[in-house]
Amino acid sequence: MSSPHPYARELGDFLRARRSRLRPHDVGLEPGGRRKVTGLRREELALLAGLSTDYYQRMEQGREVRPSDEVLEALAGALALDDEERRHLFTLAYAARRPMPARPEHGPERVPDSTRRLLRVMDTPAVVLGRHLDLLAWNTMAEALLGDPHGYPADRLNMLLLMFDDTRTGERSCPDWERQALDYIGMMRAAVATDPTHPRATAIVGELSIRSAEFRQLWARHDVRESVRGTKTFPVPEVGDIVLDWDTYPLPGNPGPVMLIWTAEPGSTDADRLQLLASLHATRSAHSR
């Protein structure tokens, strides 16, 4: 028996995760009797979308199904998907319609010299992340804020691996740790949607799924983020807590790396503390030479 199409399998996982988050009362149904599942049953979701239960079940199982745009729209409505989730649904379904792709080349990701020059002249922390959240480049301001990454092996410089690193568990007590973990996981989900069999994604997700119950729980939610932004508090003993806004900006390539930039309101206490931290870092770096 042949293996399921990787995109069809990913589509099925996404549908199942989105079905499980809905409750009967969310969609105007009576729960009725004892239920073995916390979310909607397959037959309930199929009824809402106007599909046969068998057809919908085959979609969740990643079997040979080629849903039309009308079916996808019906599913998006029944599952109450937001715009980003709807785009993700269509991306996976369109890819599942095509024959199994030939194995693509997976060469190393490279950061152009012009991008590295841009990092050097930026007066705020910034890094370049690869499509699977590998840390490809950074500036000295990011080094001052996040720590020196040179001590890590290149294959461990990955935002997800670092977030779930057992030697850094103290960081998980921060109030916004789970929110940022979900953002990074959502970005990884978006990357997986473009190439479910990519060996780097398979290695990272596989490792974390084995050794981290926290990751398994968050990954199973099947959240997706195409672009993210937010606010993060950095506890820095030397200068005090620094609260920074962060945004991601796509760089050329399809899919390509993104630049992640942290900023503070000019003239704010956070901006002053960030500049003080940068000065302390520059002083330490000069003394260590």
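# Reading burial, packing and contacts in a predicted model

Biologist: Are Phe164 and Trp177 buried or exposed?

Modeller: Phe164 is buried, and Trp177 is buried as well. Buried stands for a relative accessible area under 20%, exposed for over 50%, and partly exposed for values in between, with a 1.4 Å probe and protein chains only. Please note that this is a predicted model, in which local features need pLDDT of at least 70 and side-chain atom pairs count only at pLDDT 80 or more, while totals for chains, interfaces and linings use all residues. Residues are numbered from 1 along each chain as its sequence is written, and side-chain values use heavy atoms, with hydrogens and water left out.

Biologist: What share of the 289 residues in the chain is buried, and how many helices and strands does the chain have?

Modeller: Buried residues account for 46% of the 289. The chain contains 12 helices and 5 strands; these are DSSP runs numbered from the N terminus, with helices (H or I) of at least four residues and strands (E) of at least two.

Biologist: How many aromatic pairs are there?

Modeller: Rings of Phe, Tyr and Trp (its six-membered ring) pair if their centres lie within 6.5 Å; planes under 30 degrees apart are stacked, over 60 edge-to-face, and the rest tilted. By this rule there are 6 aromatic pairs. In one of them, Phe164 and Trp177 have ring centres 5.3 Å apart and planes at 75°, so this pair is edge-to-face. Phe164 belongs to the loop between helix H8 (159–163) and helix H9 (177–194), and Trp177 to H9, so the pair ties together parts 13 residues apart in sequence. Another edge-to-face pair is Phe234 with Trp262, at 6.3 Å centre to centre and 80° between the planes. This pair links distant parts of the chain, with Phe234 in strand E3 (residues 229–234) and Trp262 in strand E5 (residues 258–263), 28 residues apart. Phe234 and Trp262 are both buried.

Biologist: Which residues form one aromatic cluster with Phe164, and over which ring does Arg189 lie?

Modeller: The cluster consists of Phe164, Trp177, Phe215 and Trp219. A charge sits over a ring if NZ of Lys or CZ of Arg is within 6 Å of the ring centre and within 35 degrees of the ring normal. Arg189 lies over the face of Trp219, 3.8 Å from the ring centre. Likewise, the charged end of Arg86 sits over the ring of Phe90, 4.5 Å from its centre.

Biologist: Why do the buried residues of H10 line one face of the helix?

Modeller: An α-helix has 3.6 residues a turn, so residues three or four places apart point the same way. Helix H10 (residues 199–211) has 13 residues and reaches 18 Å from its first C-alpha to its last, close to the expected 18 Å; the expected span is 1.5 Å times one less than the number of residues. Ala201, Ile204, Val205 and Leu208 are buried in H10. Down the axis of H10, the buried residues fall within an arc of 90°, so they line one face; the arc is that of the directions from the helix axis to the C-beta atoms. They pack against H8, H9 and helix H11 (213–219), where contact means heavy atoms within 4.5 Å.

Biologist: Which residues of helix H4 are buried?

Modeller: In H4 (residues 69–78) they are Val71, Leu72, Leu75, Ala76 and Ala78. Their arc around the axis is only 165°, which puts them on the same side of H4. The face turned away from that side carries the exposed residues Glu70 and Gly77. The cover over the buried residues of H4 includes helix H1 (6–20), helix H2 (42–49), helix H3 (53–60) and helix H5 (83–97).

Biologist: With which side chain does Glu143 make a polar contact?

Modeller: A polar contact is a pair of N or O atoms within 3.5 Å; within protein, one must be able to donate a hydrogen and the other to accept it, and residues adjacent in sequence count only if both atoms are side-chain atoms. The side chains of Glu143 and His281 are joined by such a contact of 3.5 Å. Glu143 lies in helix H7 (residues 140–146) and is buried, with a relative accessible area of 14%. Arg131, in the loop between strand E1 (126–129) and strand E2 (135–138), counts as buried at 18% relative accessibility. The side chain of Arg131 makes a polar contact of 2.9 Å with the side chain of Thr194.
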